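Biologist: I am new to this structure and would like to learn how to read a few of its features. Could we take them one at a time?

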Amino acid sequence: MASVEFIDVRKSFGAHPVLKGIDITIADGEFVILVGPSGCGKSTLLRTLAGLENISAGEIRINGRPVNTLPPKERDIAMVFQNYALYPHLTVAENMGFSLMLKKTPKAEIATQVRPAAEILGLTHLLDRYPRQLSGGQRQRVAMGRAIVRDPQVFLFDEPLSNLDAKLRVAMRSEIKELHQRLGTTIIYVTHDQIEAMTMADRIVVMQDGRVEQIGTPLDLYDRPVNQFVAGFIGSPAMNFIEGRLAPDGSRFVAADGTALPLPAGTDVASRTAAGRALVYGLRPESVRLDPAGGVPAQVVVTEPTGAETQVSARLASTGVICVFRERIAARPGEIIHVSVDTSATHLFDAETGQRL
């Protein structure tokens, strides 16, 4: 196990900067997920740690030791790729023990190291099969087993579940989380799927345009996003945003069409002085409640019942929003419903900077 540090790491491809000063400290045994939209630099950052890309500036440390100039084989890491990267002519056992074969480890010793990893991953009965005889989930477990057999200080996962169907992805999320709990090894995992990040990580690093936007636990990022980007990226369905300003007396938020909404709970005096300034009201879909007695009117656009919940697309304050209700409602398109807002789950953002007030 090992700690990992990125210290002002920068990477450019020619004149194009991809990583713009990354500072992250990952504790020994921590499960950290790098998340962000395509092109934000998360996979590039992982590849610099693996030694597959050279950094342009800064320093990368594993257990306090700089590894910038070390070749990949000397960094004591193992990487699991999106495409499995299995050898089709080798059996499961041979694929899992391939790195030991390269080191000319005796066959008996390879077998003693492969078998425990196979037991952890439920692959014992598949050791004599070839990759073509396996399902997608089984192939991914073989790739994970190959990494386990190496007994590295750090595991790196680069979007390992993106080739799997939705049901299998859910199952594999649990398997990877359980694997971490068993091994206690440091894991750094890259994904663009924020649901994976929320359900698996000890901490999440949200990236955008080669920079770190926020680092925190899943619920920290969900409850206290530092800016509008993080607020909109973390959570599914995504947070709703309504443009407007504070009322002159600072007592409420007024949307562009004049609809008044209550201020987020705990709005401080400094935020209230923003009266007249362009703001954005952040509203989580699940923080909307049906309130026929005196709520804000919203026009239903589409109703999507899912069984346990009903998801409604509506027009609220002349803005398209998503509302998630625990109730089963039968509202038709064009119908007006009245809703209230849970102010403990709403936020105000500066419209110019995107920062949360």
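Biologist: At what angle do helix α4 and helix α5 pack, and how far apart are their axes?

Modeller: Bear in mind that this is a predicted model. The general idea is that two packed helices are described by the angle between their axes and the distance between the axes. Here α4 (residues 107–121) and α5 (residues 136–149) pack at about 135°, and their axes are 9 Å apart. The two helices are therefore oblique to each other. The crossing of α4 past α5 is right-handed.

Biologist: Which residues of α4 and α5 meet?

Modeller: On the α4 side they are Gln113, Val114, Ala117 and Leu121. Their partners in α5 are Arg141, Met144, Gly145, Ile148 and Val149. By type, the residues of this contact divide into 6 nonpolar, 2 polar and 1 charged. As for the spacing, an α-helix has 3.6 residues a turn, so residues three or four places apart point the same way.

Biologist: What lies in the loop between α4 and α5, and is Pro131 buried or exposed?

Modeller: Pro131 lies in that loop. Burial is read from the relative accessible area, with under 20% counting as buried. Pro131 has 8%, so this residue is buried. Leaving aside residues up to four places away in sequence, Pro131 touches Leu86, Tyr87, Pro88, Leu90, Asn95 and Arg139. Gln194 is 63 residues from Pro131 along the chain, and their C-alpha atoms are separated by 30 Å.

Biologist: How many residues of helix α1 are buried?

Modeller: Of the 9 residues in α1 (residues 42–50), 7 are buried, so the helix is largely enclosed by the rest of the structure. The buried ones are Lys42, Thr44, Leu45, Leu46, Thr48, Leu49 and Ala50. After α1 comes Gly51, with a positive phi near 90°.

Biologist: Where is Ala171, and why is it called partly exposed?

Modeller: Ala171 is in helix α6 (residues 166–183). Its relative accessible area is 34%, so Ala171 counts as partly exposed. Between the C-alpha atoms of Ala171 and Arg277 the distance is 47 Å, with 106 residues separating the two in sequence.

Biologist: What feature does UniProt place at residues 4–234?

Modeller: The UniProt record, an unreviewed entry, gives "domain: ABC transporter" for residues 4–234. Over that range the chain is 37% helix and 26% strand. The C-alpha atoms at the ends of the range are 24 Å apart.

Note on methods:
Residues are numbered from 1 along each chain as its sequence is written. This is a predicted model: local features need pLDDT of at least 70, side-chain atom pairs count only at pLDDT 80 or more; totals for chains, interfaces and linings use all residues. Side-chain values use heavy atoms; hydrogens and water are left out. Axes are lines fitted to C-alpha atoms, for helices over the stretch in contact, and angles run from 0 to 180 degrees between N-to-C directions. Helices (H or I, at least four residues) and strands (E, at least two) are DSSP runs, numbered from the N terminus. Angles under 35 degrees count as roughly parallel, over 145 as roughly antiparallel, 65 to 115 as roughly perpendicular and the rest as oblique. A crossing is left-handed if the near helix is turned anticlockwise from the far one by less than a right angle, and right-handed if clockwise. Contact means heavy atoms within 4.5 Å. Ala, Val, Leu, Ile, Met, Phe, Trp, Tyr, Cys and Pro count as nonpolar, Asp, Glu, Lys and Arg as charged, and the others, Gly among them, as polar. UniProt positions are given in the numbering used here, feature names are shortened, and annotations may be inferred rather than shown by experiment. Buried means under 20% relative accessible area, exposed over 50%, partly exposed in between (1.4 Å probe, protein chains only).
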